[in-house]
Amino acid sequence: MEKHGEHGLRTYLIGFVLAVVLTAIPFYVVITHALPPQRALMLIAGAALLQVLVHLRFFLHLNFTSTPRENLLAIVFTAVLIFIMVGGSFWIMFDLHSRMAI
Amino acid sequence: MNAAVTARDSEAAETHEQRALGFWLYLMGDAVIFALLFATYVIMVNNTDGGPGGKQLFDLRNAALETALLLVSSTTFGFASLCSKTGNRGAVLFWLLVTFVLGAGFVFLELREFAGMIKAGAGPDRSGFLSAFFTLVGTHGLHVSMGLTWILIMCGQVMMKGLSVAVTSRLFRLGLFWHFLDIAWVGIFSIVYLPGLL
């Protein structure tokens with residue numbers, strides 16, 4: 001499943017440094033209030049999404065060549081499920097909220 | 001190496017791969033649970049019932065420290081995985097223990113935060129927001145505590161059984177679990193703590 005040297009020390013260190021940078025940026029923005037709230041939220045979301053990808057790539061060693069096909073299919077299927085369930089919940093609840101508020 | 005041994009080895013490798021896939025499927029199920037707890041939190045975040053909200057309750061320094069502990073522990077677990085591939089038993093034990101100490105520090109900070117909030121009258125029964133908060137963050141904390149127990153068990157196995165195929169394959173799955181928890185934490189500080197203090 002895994003070959004020697006393929007996921008060496010370098011991989012973990014690169015992942016660690018990227019994760020630190022992608023954590024430091026949103027924390028810095030919140031501490032200094034450098035951005036208006038709406039933009040700060042977008043930056044936090046962007047940094048989080050990138051960091052999740054960094055973790056998947058450098059810590060869980062996910063890629064398109066050596067990761068078994070079943071695992072990739074499972075993660076795509078899970079992403080679709082999450083999209084439907086979370087998106088559906090937001091749709092219903094926020095719609096209900098705006099109707100109740102009138 | 002004779003044919004029987006090679007056959008047994010490849011059989012063991014196949015079992016290892018099947019178990020890795022099974023564990024991966026479990027993690028995907030766990031990801032769905034976390035995603036729905038996140039959705040619940042986002043829907044409930046303004047339902048404070050006149051009680052304290054995130055701005056009054058959250059401490060950015062505490063969240064930053066927790067983030068640092070978990071991220072470093074994820075990296076040190078990576079070092080343990082690397083050492084298990086080269087068969088260095090002492091180094092595997094050392095990095096597992098470092099990971100355990102960092103993870104325990106994380107759980108300690110989280111319990112201290114929970115205790116402080118409950119003492120200040122902001123327990124899970126105070127409002128919908130706080131119920132969602134304790135459920136989400138508590139579920140993650142419970143996972144980390146389970147991970148810590150698993151790390152201790154694996155330390156014992158590495159000491160007593162050595163780095164056999166079975167032990168190494170269990171270490172691999174523990175690694176998947178531990179790295180996965182760090183990903184869930186990225187969601188928690190990005191959805192709970194940072195927006196709460198904005």
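Angles between helices run from 0 to 180 degrees between N-to-C directions, with axes fitted as lines to C-alpha atoms, for helices over the stretch in contact; under 35 degrees counts as roughly parallel, over 145 as roughly antiparallel, 65 to 115 as roughly perpendicular and the rest as oblique. Keep that handy for the helix pairs of chain B below. This is a predicted model, in which local features need pLDDT of at least 70 and side-chain atom pairs count only at pLDDT 80 or more, while totals for chains, interfaces and linings use all residues. Residues are numbered from 1 along each chain as its sequence is written, and chains are lettered from A and ligands numbered from 1 in the order in which they are written.

**Chain B overall**

- Chain B has six helices and zero strands, where helices (H or I, at least four residues) and strands (E, at least two) are DSSP runs numbered from the N terminus.
- Read from the N terminus, that gives α-α-α-α-α-α.
- The C-alpha trace of chain B spans about 75 × 30 × 25 Å along its principal axes.
- Chain B has 198 residues, and 38% of them count as buried. Buried means that 20 or more other C-beta atoms lie within 10 Å of the residue's own, exposed means 12 or fewer, and partly exposed is in between, with C-beta atoms placed from the backbone.
- Among the contacts in chain B with a separation of 6 or more, 83% link residues 24 or more positions apart. A contact here is a pair of residues whose C-beta atoms, placed from the backbone, lie within 7 Å.

**Where chain B meets chain A**

- The contact uses 34 residues of chain B and 36 residues of chain A.
- On the chain B side, helix H1 (3–44), helix H3 (60–86) and helix H6 (165–196) each put in at least two residues, and H1(B) gives the largest share with 13 residues.
- By class, that side of chain B comes out as 23 nonpolar, eight polar and three charged residues. For the classes, Ala, Val, Leu, Ile, Met, Phe, Trp, Tyr, Cys and Pro are nonpolar, Asp, Glu, Lys and Arg are charged, and the others, Gly among them, are polar.
- Val186(B) is found in helix H6 of chain B and touches Ala48(A), Gln51(A), Val52(A) and His55(A), leaving out residues up to four places away in sequence.
- Val186(B) counts as buried because it has 23 C-beta neighbours inside 10 Å.
- Val186(B) and Leu71(B) are 115 residues apart along the chain, yet their C-alpha atoms are separated by 9.3 Å.

**H3 against H4 in chain B**

- The axes of H3(B) and helix H4 (residues 89–119) come within 8 Å and cross at roughly 160 degrees, so H3(B) and H4(B) are roughly antiparallel to each other.
- H3(B) passes H4(B) in a left-handed crossing, meaning that the near helix is turned anticlockwise from the far one by less than a right angle (clockwise would be right-handed).
- The contact of H3(B) with H4(B) has 16 nonpolar, seven polar and three charged residues.

**H4 against H5 in chain B**

- H4(B) packs with helix H5 (residues 128–161) at an angle of about 160 degrees, with the axes 10 Å apart. That makes H4(B) roughly antiparallel to H5(B).
- The crossing of H4(B) and H5(B) is left-handed.
- Residues in this contact include Leu96(B), Phe100(B) and Val107(B) from H4(B), and Ser145(B), Leu148(B) and Leu152(B) from H5(B).
- By class, the contact of H4(B) with H5(B) has 16 nonpolar, five polar and two charged residues.
- Val107(B), in helix H4, is in contact with Gly141(B), Val144(B), Ser145(B) and Leu148(B), once neighbours within four places in sequence are left aside.
- Val107(B) is partly exposed, since it has 17 other C-beta atoms within 10 Å.

- His61(A) has a positive phi of about 55 degrees although it is not a glycine. His61(A) sits in the loop between helix H2 (37–59) and helix H3 (69–101) of chain A, and it is buried, with 21 other C-beta atoms within 10 Å.
- Asp49(B), also not a glycine, has a positive phi near 50 degrees. Asp49(B) is in the loop between H1 and helix H2 (54–57) of chain B, and it is exposed, with 9 other C-beta atoms within 10 Å.

**Domains of chain A**

- Chain A is assigned domain 1 (1–67) and domain 2 (68–102), with bounds that come from an automatic or database domain assignment.
- The centres of domain 1 and domain 2 of chain A, taken over C-alpha atoms, are 23 Å apart.

Terms used: Contact = placed C-beta atoms within 7 Å.
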